[in-house]
Amino acid sequence: MEIGSVIELDDWCMYQLPENSADSMKNFGLPFMGAEKPEYKNVFYQSGRNAIEVLLNFIQKEFGVDAILIPDYVCGTVTDAVKRAGMEYSAYCINADLEVNVDEIKAQLDLGIKSIYVVHYFGIPVSQSLMDIISECRSKGIIVIEDITMALLSSGDFTIGFGDYIVGSLRKWFAIPDGGIICSKCMPVPDEPSNNIVSRYTNLYMLVQAMKREYVSGNFKNKNLKENYLEYYSESIKELFSDYRIYPMSEFSKRYIFNCNMDDIREKRIDNYNRLCDLVNGMNSFKVKSCSKDGAVPLGMWIECDNRDKLLQYLISCNIYCNVHWRLKESVNNPDIKFLADNVLTIPCDQRYGFYEMEYISEKLKVWEEQQ
Ligand SMILES: Cc1ncc(COP(=O)(O)O)c(C=O)c1O
């Protein structure tokens, strides 16, 4: 058994011929849109970073917005996209509980900022004080960009969808090689790239997903399958981090997300997450920091622990592959961010799995706990 990392291609996308009619595209919506889905304009790109760069270029051209306020705790791919778009940026502080320093934003409002980037963190609800300042921003014509990458399938009472623009990475949630989105209800949106070019990254990653499907399903015809998979995987990631041209989302991925059952995926993730939380309840060697209340759908179980890298390695030795959201690419002044970057880990609980895998993870964590 192997848990986590690359989401292998699933039976559904291997064998079905989903519809891709204009109707199904019109009907596309993310859960947060609810009944307002038809009012949203959605445009799709290869990745979240592509979508962010395009959007920032677009608001510079359309509205003359040349500077943005971003949180100091965010994936380096976001800051890199801001830099590629040639935007000036300054940062506002996030603390170790992922609360925003609202006073810093207020001070920037007085300095005349024109746009702000807000990130949803792991299902943790946006505070009332942040919502208040966002309303103030919108009333002053400041463009609010909301990044829902970590909360893509959340809805309901969970506060989401308040931005003028909503951006996100789709490829982290589904069995697809690529995908990023820009949506807006009230503002003009950029065009999708008119070419149908599929990047080398997408081709390689799809191959990686197909190879993973083979080896996790126990097909050992090719003895080198896992080694070859790892080679292709590192080549695909190198490609993703070196080719920053703007690509459309592949037809393959579009068909998948236009036709998959997001309700099933949401339910599975929430059930797994809640089950895992119950199973690890009472363990002291780590703290669960993410949340699945009020319609928040977890990307994974986000924990804080001492000896993070040791735990990461230990879990790899148990065939459980976790992500770190996020390691720092540049040094920061905020000690809370440094602390988070060194101490957090995201444990997988996605739709590929069920209670059996959650129990396996908790058993391995119990062994870890006993060794601490
Ligand atoms: C919050 C956030 N936004 C955007 C991105 C960029 O998405 P992608 O990796 O699809 O480019 C990431 C990547 O991890 C992210 O964590």
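**From values to terms**

Trainee: What makes N307 count as partly exposed?

Mentor: N307 has 14 C-beta neighbours inside 10 Å. A residue is buried if 20 or more other C-beta atoms lie within 10 Å of its own, exposed if 12 or fewer, and partly exposed in between, with C-beta atoms placed from the backbone. The value of 14 falls in between, and N307 is therefore partly exposed. Please note that this is a predicted model: local features need pLDDT of at least 70, side-chain atom pairs count only at pLDDT 80 or more, and totals for chains, interfaces and linings use all residues. Residues are numbered from 1 along each chain as its sequence is written.

Trainee: Is F122 buried or exposed?

Mentor: F122 has 21 other C-beta atoms within 10 Å, so it is buried. Its phi is also positive, near 50 degrees, in a residue other than glycine. F122 sits in the loop between β5 (115-119) and α6 (128-139).

Trainee: How do you know that the peptide bond from H325 to W326 is cis or trans?

Mentor: Omega of that bond is near 0 degrees, and the bond is cis. W326 is part of the loop between β11 (320-321) and α12 (335-343).

Trainee: How many helices and strands does the protein have, and why is it called as compact as a globular protein of that length?

Mentor: There are 13 helices and 12 strands. The radius of gyration, taken over C-alpha atoms, is set against the globule rule, which is 2.2 Å times the number of residues to the power 0.38. For 372 residues the rule gives 21 Å and the protein has 20 Å, which is close, so the protein is as compact as a globular protein of that length. Along the principal axes, its C-alpha atoms fill a box of roughly 60 × 50 × 40 Å. Buried residues account for 41% of the 372 residues.

Trainee: What makes β9 and β12 stand at the edges?

Mentor: The open sheet has 3 strands in the order β9-β10-β12, with antiparallel pairing. β9 (286-288) and β12 (344-347) each have a single partner strand, so one side of each is left without a neighbour in the sheet. On average, neighbouring strands are turned by 30 degrees against each other, direction ignored; axes are lines fitted to C-alpha atoms, for helices over the stretch in contact, and angles run from 0 to 180 degrees between N-to-C directions.

Trainee: How do you know that β10 and β12 pair?

Mentor: Two strands pair if DSSP finds at least two bridges between them. β10 and β12 have 4 bridges, and β9 and β10 have 3; therefore both meet the criterion. I303 stands opposite L345 in β12, E304 opposite V344 in β12, and F286 opposite C305 in β10.

Trainee: Why is L345 counted as buried, and which residues does it touch?

Mentor: L345 has 20 C-beta neighbours inside 10 Å and therefore counts as buried. Contact requires C-beta atoms, placed from the backbone, within 7 Å. Not counting residues up to four places away in sequence, L345 touches I303, C305, R308, L311, L312, C322 and V324.

Trainee: What makes L279 count as partly exposed?

Mentor: L279 has 17 C-beta neighbours inside 10 Å, so it counts as partly exposed. It lies in helix α10 (residues 262-280). Beyond four places in sequence, L279 touches M358, E359 and S362.

Trainee: Which residues come nearest to the ligand?

Mentor: S47, G48, R49, C75 and S169 do, of the 14 around it. A residue is near a molecule or strand if its C-beta atom, placed from the backbone, lies within 6 Å of it.

Technical notes
Helix = DSSP H or I, 4+ residues; strand = E, 2+ residues; numbered from the N terminus. Contact = placed C-beta atoms within 7 Å.
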